[in-house]
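Open the model in your viewer and keep the selection panel at hand. The tour below goes from one selection to the next.

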Amino acid sequence: MKIKDKKRLGFGAAVIVLALAAGLITAQQTPGDLTGNWVVRTLNNDGTFRTTYLNLKQEGTRITGTIRVTQFFYHITDNTGGAEGFTLNASMMDGRSERKVQYEGKLAGNELHISTRRRPQDNPTQMVAVRAPAGEGALPPRNPLPALHKVPDNGLVRTPPMGWNSWNKFAGRVDDATVRSIADAMATNGMKDAGYVYVNIDDTWEAGRDAQGNILTNKKFPDMKALADYVHRKGLKLGIYSSPGPNTCAGYEGSYGHEEQDARTYASWGIDYLKYDWCGARTLYTDDEMQAVYQIMGDALLKTKRPIVYSLCQYGRNEVWKWGADVGGNLWRTTGDIRDAWDSMTRIGFSQNELAPYARSGHWNDPDMLEIGNGAMTEMEYKLHLSLWSILAAPLLAGNDLRSMRPEILAILTNREVIAVDQDKLGKQGRQVWKSGDQEIWTRPLSGGATAIAFFNRAAEPAKITIKWTDIGISGKPRLRDLWLHQNIAWPGPEYSVTVPGHGVVMLRSSK
Ligand code: GLA
């Protein structure tokens, strides 16, 4: 087509002809063609962008390509329609399960107007994509994995770590000022004295990397070293978060290909704890490869010579409890994310029985952080939460706003008698020893021949539990103490009856 023909064309077509002539549109992109690399950039509250890349190829009515969004990378499996209105279905394997997504949209001038949802019943999210340079947002090539070896024990957290983590309450809203004021609260409200020490920043502190590949903080964290110094001056320790993948779960910069460099950076800032979250690694590696992937950072942390607790977060996949310690892990998540809800907390907490043999001093099962004080459970339910986590020898990472909690919540979090169970030196995780309907008894062996005994009632109504001590492994005539009422109990004889409140717990300690 010659430019002089343009009189016979409409205005839009004329613009396209001119653009073609000016080389603005490549030969690949003919009008009405979805082919190309498209990006949606959504500004986060910290100067970084959440990006979605659609790399599309349209041949007639068929659309192929990939969609990359935060930690996920999908291949388009099928479509209907074309530039004037399309539906794309895409899928990826996430471990052993398939994850699907649907995008609907249409070409509108130089923009793609799209809406997406994961399930038909979800409310669609609307967005606008613009053209991006070819290759931008492409998934990086897969790095080779090291041969497996045993990473030496770093000697840390001989009892389960205690502290606070930003995610459950603050998610993407965590910033320097919040972390400082949380550290202030923890240092002065009795929590530090009760054993809480780690102040852990979760996802969304990251920006990109500088020209040398050094990880950068976004504007919510202007100076991580200064923040670490501040937290250390309070007698507390600072934790941080990353992913072995190119992206974290919230879509921020991960440590992929920069593991040693990031470990050195953390050490230079004065970081004491790393939570390392699988997230974007799922786009490059299978679950069977997790051990080698996690070993890279385990080695890197040791190499810094700084004591840094290594917390594995991969949702309990690939039986992590069998190899978590071998990659230098001090704790490993055993389940998906907890929510501030009775169902979520109890589903997680009561499912840990079979994992007891894998917990040991320095290497803990992690049923996720505490929701105590976040508001959607009752005080009794939060008491059960702390009791169960202590029976499980679980990390105690508070997840609420420590600056504004009610005294009743602080009292739960700082119940030293229950915390003493969690922190018992023997390092043995407790087990279920009795169950009848919604009532369960769990015990945990403690040092000095003592035993923690928790009577749990998962029903909404109060329930009376009657047992023979010998049926739950308690022999002789031990001393008994109620760890929530803080009082001794007279020996009741060979049988014991206790009424446990609905969604509640009675927790005792028996000792010689
Ligand atoms: C995952 C983890 C959470 C939290 C978020 C942050 O979901 O399991 O604990 O770290 O990522 O994006």
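A disulfide is counted here when a pair of cysteine sulfur atoms lies within 2.5 Å. This is a predicted model, in which local features need pLDDT of at least 70 and side-chain atom pairs count only at pLDDT 80 or more, while totals for chains, interfaces and linings use all residues. Residues are numbered from 1 along each chain as its sequence is written, and side-chain values use heavy atoms, with hydrogens and water left out.

Select Cys249 and Cys279: they form a disulfide, with 2.0 Å between the sulfur atoms. A search of the whole structure finds one such link. The angle about its S-S bond is -95 degrees, which makes it left-handed. Cys249 sits in the loop between strand S13 (237-242) and helix H6 (259-269), and Cys279 in the loop between strand S14 (273-277) and helix H7 (290-303), so the pair ties together parts 30 residues apart in sequence. Helices (H or I, at least four residues) and strands (E, at least two) are DSSP runs, numbered from the N terminus.

Now show the surface. Cys249 is partly exposed, at 23% relative accessible area, whereas Cys279 is buried at 0% (buried is under 20%, exposed over 50%, partly exposed in between, with a 1.4 Å probe and protein chains only).

Next, select strands S1 to S8. The eight strands form a closed barrel in the order S1-S2-S3-S4-S5-S6-S7-S8, with antiparallel pairing (two strands pair if DSSP finds at least two bridges between them).

Finally, select S5 (residues 85-94) and S6 (residues 97-108), antiparallel strands joined by nine bridges. Ala90 stands opposite Val101 in S6.
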